Amino acid sequence: MVKFVTAIFGVLIIVTSVLAADNKLGKQAQDFIGSLSNQVATLNQDRSIDTTTRRQKFMQLVETGFDLPWIAKFVVGRPWRTATTNQQKEYLELFKNLVELTYSKRFIEYAQQKILVSGYKLGKRKFIFVESKLTDPKKPKGDINVVWRLVPKGNSFKIVDVVIAGISMAITQRNEYSAVIRRNNGRFDALLDAMRTQITKLRNNS
Amino acid sequence: MYKKTLCFYLIVCAISLASCNTTRLTSNSDPLELLNRKIFRANDTIDQAVLRPVSLFYRGSTPQLLQNDIENFLQWLDTPNALVNNLLQGNFNQAETTLKYFFLQSFHLGHVDLNITYGINFQNEDFGQTLGSFGVQPGPYLVLPLLGPTNVRDSIGRAIDVFLNPFNYVGTEGSRTIFSATRGSFEALTFRTKYSSQIDELRENSIDYYARVKTIYNQRRNASINNKMTENSPETTESIDAFDDQFLKLLD
């Protein structure tokens with residue numbers, strides 16, 4: 001009987017400590033997103049720096065917060081394994097350039113918007129989902145739900161996906177990239193060409 | 001008019017269901033990709049030549065309050081459909097909200113934002129979503145001339161929604177046709193105006209605009225169908241897990 005009660009207590013202690021650890025992890029992830037979005041907002045409100053510096057600093061924050069190489073590999077999917085080392089290297093570089101050109105512009109244009117963290121959920125495996133709302137003072141009824149998918153990395157976290165109003169950025173880009181490769185008979189180079197063209201177009205427009 | 005609409009949708013559905021010309025250039029969920037891409041290009045040309053400039057003019061020349069009124073009025077016209085679909089989906093709380101929205105907006109005729117004034121958050125529901133909530137699969141992806149992205153399930157849903165809405169039975173056949181065309185035009189215009197920057201951005205930032213619009217449409221529809229559970233919940237992102245489990249492991 002004593003053994004049984006001891007065993008029950010033991011199980012309870014383990015379950016409680018696991019839940020407490022999960023709780024702590026979730027709250028830390030929430031703080032991570034809150035802190036990152038505050039840094040982005042502060043950077044955007046800083047009128048003492050020019051656009052180029054702002055973009056550079058924005059990219060530093062992106063590289064700190066996001067696991068760009070992981071996302072890049074996920075986005076390209078299976079063809080990553082068949083690509084040569086040189087192709088992989090160039091792809092990672094082009095991917096980073098595209099992120100910079102696409103999101104830094106958007107970040108500057110949407111300076112008024114704010115991220116309000118509202119909660120978290122622990123997903124299967126190691127993923128943590130931080131829930132938030134994107135608010136815009138110009139659109140009081142237009143709050144948009146944003147879910148951040150994170151993985152623990154060392155003492156911190158890395159974002160691997162952002163789901164805006166039910167649309168996953170990683171899946172969207174993955175489907176787009178795979179369509180380019182598929183339509184070009186599986187040629188990885190076709191994707192690199194398309195990315196180069198896109199970078200030139202965005203540079204010319206910015 | 002309804003017979004023509006029904007025939008049109010049935011033809012589209014029959015073509016897409018019968019289509020088996022899957023080649024390397026098309027994907028399983030999009031067997032009509034080659035045709036879809038052509039229609040998509042034509043739609044995009046019309047968008048750039050007509051809809052975009054008209055929407056920019058509309059935004060620039062129409063007072064914001066009037067734009068809101070028009071949008072609210074168009075939303076009000078959708079409430080009978082939303083109500084039927086709320087009930088069919090067993091979402092009685094939302095049905096009550098839709099009913100309140102319908103009666104209150106009947107007095108205001110779109111002039112009041114009921115969300116801000118009364119806290120009534122109207123959510124549009126269509127028959128495609130109802131079919132989705134019953135477990136009906138989307139079927140092949142389709143791009144319809146002028147109407148844009150859809151799939152077989154949502155096309156059928158759209159046709160049924162035309163029949164479900166009592167506003168479509170008011171007046172003579174001629175006046176109904178004019179009403180339907182005007183309403184459709186204004187819906188397209190308000191949509192293009194509301195999401196103008198997002199559409200332009202999407203177009204500018206895509207390396208394959210068609211593929212990007214397709215995946216966004218599919219994901220958005222899935223999220224709308226699952227909104228009873230909690231829209232945009234992390235469960236949505238769980239689809240990544242199923243997406244390519246083995247590859248994720250390789251990346252770790």
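Reader: What percentage of the 252 residues in chain B is buried?
Author: This is a predicted model, in which local features need pLDDT of at least 70 and side-chain atom pairs pLDDT 80 or more, while totals for chains, interfaces and linings use all residues. Residues count from 1 along each chain as its sequence is written, and chains are lettered from A and ligands numbered from 1 in the order written. In chain B, the buried percentage is 30%.

Reader: And what percentage of the 206 residues of chain A counts as buried?
Author: Chain A has seven helices and five strands (DSSP runs numbered from the N terminus: H or I of at least four residues, E of at least two). Along the sequence they follow the pattern α-α-α-α-α-β-β-β-β-β-α-α. The buried percentage for chain A is 28%.

Reader: In chain B, what percentage of contacts between residues at least 6 apart joins residues at least 24 apart?
Author: A contact means backbone-placed C-beta atoms within 7 Å. For chain A, residues 24 or more positions apart account for 50% of the contacts with a separation of 6 or more. Chain B has 14 helices and two strands. For chain B, the percentage is 65%.

Reader: Which residues touch the most other members of the largest nonpolar core?
Author: A nonpolar core joins buried Ala, Val, Leu, Ile, Met, Phe, Trp, Tyr and Cys residues through C-beta atoms within 7 Å. A:L150 touches A:A29, A:I128, A:V130, A:F157, A:K158, A:I159 and A:V160, leaving aside residues up to four places away in sequence. A second, separate core of ten residues includes B:L142, B:V143, B:V152 and B:I156. In the largest core, of 40 residues, those with the most partners are A:A29, A:V130, A:W148 and A:L150.

Reader: Is B:T190 buried or partly exposed?
Author: B:T190 sits in helix α8 of chain B. Leaving aside residues up to four places away in sequence, B:T190 touches B:I70, B:E71 and B:L74. With 19 other C-beta atoms within 10 Å, B:T190 is therefore partly exposed.

Reader: How are α2(B) and α8(B) oriented to each other?
Author: Helix α2 (residues 33–61) and helix α8 (residues 173–194) of chain B pack at about 75°, with axes 9 Å apart. Axes are lines fitted to C-alpha atoms over the stretch in contact, with angles of 0 to 180 degrees between N-to-C directions. Under 35 degrees is roughly parallel, over 145 roughly antiparallel, 65 to 115 roughly perpendicular, the rest oblique. α2(B) and α8(B) are therefore roughly perpendicular.

Reader: How are α3(B) and α4(B) oriented to each other?
Author: Helix α3 (residues 64–88) and helix α4 (residues 92–108) of chain B pack at about 150°, with axes 9 Å apart. Residues meeting there include B:W76 and B:L83 in α3(B) and B:L99 and B:F102 in α4(B). α3(B) and α4(B) are therefore roughly antiparallel.

Reader: How many nonpolar residues are in the contact of α6(A) with α7(A)?
Author: Helix α6 (residues 169–183) and helix α7 (residues 188–205) of chain A pack at about 120°, with axes 8 Å apart. Their contact is made by A:Y177, A:V180 and A:I181 of α6(A) with A:F188, A:A190, A:L191 and A:A194 of α7(A). Ala, Val, Leu, Ile, Met, Phe, Trp, Tyr, Cys and Pro count as nonpolar, Asp, Glu, Lys and Arg as charged, and the others, Gly among them, as polar. No polar and no charged residues take part, and the number of nonpolar residues is seven.

Terms used:
Two residues are in contact if their C-beta atoms, placed from the backbone, lie within 7 Å. A residue is buried if 20 or more other C-beta atoms lie within 10 Å of its own, exposed if 12 or fewer, and partly exposed in between; C-beta atoms are placed from the backbone.
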